[in-house]
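Here are some notes to read alongside the model. I have kept them as numbered points so that you can check each one on screen.

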Amino acid sequence: MLELYEDNERLGRTQLTPFRSPYQDFCYYTSSVTPGLRLAMNVIKPAAPAPMLVLLHGWHMSMPKPVRREVPGELPYVVIQVDMRGRAFSDGAPDCNGLELIDIYDAVQFVRREYAEWIASPELVYLEGGSGGGGNVLGAVAKFPDLFAAATALYGVSDYARWYAEDMIGEFRDEMDVWIGCPPQDDPIRYAARSGLRLAANLHTPLYIAHGDGDQRIGVEMSRQYAERVGSLGKAHLLRYEELPGVGDRGHLANATQQQLQAVQDRSEANRKAHRSPIELAPQGVLLVGGYLYTKYFQVHLASVHQLAELHYDVRLRTFSLYASERYAYCFQWSDGHIVEGKCESEMNPTKQPGADDGKENIQ
């Protein structure tokens with residue numbers, strides 16, 4: 001399965017006719033936030049009802065080419081291979097941990113509705129991705145903090161501003177200029193709003209990370225700094241970080257032994273098996289909003305995915321406050337559908353987040 005994440009194949013745009021086969025379907029579904037946008041996925045069905053496992057493709061990649069399958073999938077899950085916006089099989093344009101992460105959420109909702117007979121527990125969803133998909137995982141567990149029961153991020157991007165600076169040959173910078181919209185020095189907040197590192201305070205999902213110490217395309221410091229941040233926030237119990245000695249050069253897994261590759265897959269699966277219950281957020285707390293935030297209690301959308309705010313909420317009292325460096329407009333929707341619109345307060349962080357140096361640092 002690790003070869004899905006090696007980020008080494010760019011597929012041309014392809015229009016296919018949806019199909020169903022005994023154990024794999026190719027489906028289109030629509031975006032909940034971009035009217036008319038058609039998105040694609042593969043759904044691989046197991047031998048018996050099982051939890052859902054969402055697999056993400058790499059930065060330059062798309063989901064695997066759809067195929068018909070006459071036998072059950074190899075994994076004991078309803079596997080959802082998401083082709084995020086702007087990739088080979090989906091409409092739209094990529095936007096690097098912006099609205100494209102909502103494509104993952106929408107795919108899960110679609111599968112819950114359309115494949116109920118294949119799903120053992122609708123609330124039990126797992127997530128895995130590598131390379132650019134690993135960066136998507138770190139963003140998704142922060143923007144959907146109670147959606148995934150466990151997750152795996154393999155050699156992922158935790159800090160896009162750092163990645164931009166370290167991309168000496170321009171392999172990724174040209175796409176970040178378009179997919180994020182500018183270099184990080186022009187708008188640091190829009191990079192922070194997409195950064196798993198900046199949003200790490202939202203981590204509630206048990207997470208397994210693996211990274212080769214010789215990786216030249218996504219340096220191992222991406223995972224080291226994420227692990228350090230999670231520890232400083234008092235969340236080390238949620239993270240297992242494994243560094244792979246001697247692994248990586250221009251390929252993330254170059255020089256890896258078969259034993260190392262098998263160990264990564266085994267530990268990823270062990271993380272899922274150890275967590276068989278959905279995440280329950282505290283009814284009162286503080287979360288960061290990188291453009292948007294979805295929980296079982298509520299959804300929050302700022303006026304733009306380029307914006308960052310801090311949310312203080314109390315579900316029992318049905319109250320909330322949003323704080324940001326500017327008075328961004330927001331739309332807050334409770335789980336019962338009630339909508340509140342307003343503007344963020346400009347007062348900076350009245351109560352510190354664990355591990356934050358000060359309120360201004362936590363927002364910006």
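**Notes on the predicted model**

1. Residues are numbered from 1 along each chain as its sequence is written, and side-chain values use heavy atoms, with hydrogens and water left out.

2. Now the sheet. The order of its 9 strands is β1-β2-β3-β5-β4-β6-β7-β8-β9, and they form an open sheet with mixed pairing. Strands are DSSP runs of E with at least two residues, helices are runs of H or I with at least four, and both are numbered from the N terminus; two strands pair if DSSP finds at least two bridges between them. The edges are taken by β1 (19–20) and β9, and each has a single partner strand, so one side of each is left without a neighbour in the sheet.

3. Phe 19 has Phe 26 of β2 as its bridge partner.

4. Further along, β8 has parallel partners. Strand β7 (residues 150–154) pairs with β8 over 4 bridges in the parallel sense, and Ala 153 has Ile 209 of β8 as its bridge partner. The pairing of β8 with strand β9 (residues 239–244) is parallel as well, over 6 bridges, with Tyr 208 opposite Arg 240 in β9.

5. How well covered is strand β8 (residues 207–212)? It is mostly covered, as 6 of its 6 residues are buried. Buried means under 20% relative accessible area, exposed over 50% and partly exposed in between, using a 1.4 Å probe and protein chains only. In a regular strand the side chains alternate between the two faces of the sheet. In β8, Leu 207, Ile 209 and His 211 point one way, Tyr 208, Ala 210 and Gly 212 point the other way, and all are buried.

6. Helix α1 (residues 100–114) deserves a look next. From first C-alpha to last, its 15 residues reach 21 Å, close to the 21 Å expected at 1.5 Å a residue; the expected span is 1.5 Å times one less than the number of residues. Since 13 of the 15 residues of α1 are buried, the helix is largely enclosed by the rest of the structure.

7. The largest nonpolar core has 49 residues, and Val 111, Phe 144 and Leu 207 have the most contacts inside it. Helix α1 gives the most to this core, with 8 residues. Such a core is a set of buried Ala, Val, Leu, Ile, Met, Phe, Trp, Tyr and Cys residues joined through side-chain atoms within 4.5 Å. Neighbours within four places in sequence aside, Val 111 is in contact (heavy atoms within 4.5 Å) with residues including Met 41, Val 43, Met 52 and Ile 119.

8. The whole structure holds 26 aromatic pairs. One of them is Phe 26 with Phe 89, edge-to-face at 6.1 Å centre to centre and 70 degrees between the planes. Phe 26 lies in strand β2 (residues 24–30) and Phe 89 in the loop between β5 and α1, so the pair ties together parts that are 63 residues apart in sequence. Both Phe 26 and Phe 89 are buried. Rings of Phe, Tyr and Trp (its six-membered ring) pair if their centres lie within 6.5 Å; planes under 30 degrees apart count as stacked, over 60 as edge-to-face and the rest as tilted.

9. Finally, please check two backbone angles. Asn 97, in the loop between β5 (78–83) and α1, is not a glycine but has a positive phi of about 60 degrees; Asn 97 is buried, with a relative accessible area of 0%. Ser 131, in the loop between β6 (125–130) and α2 (132–143), has a positive phi near 65 degrees and counts as buried at 1% relative accessibility.

Definitions and conventions:
Predicted model: local features only at pLDDT ≥ 70, side-chain atom pairs only at ≥ 80, totals over all residues.
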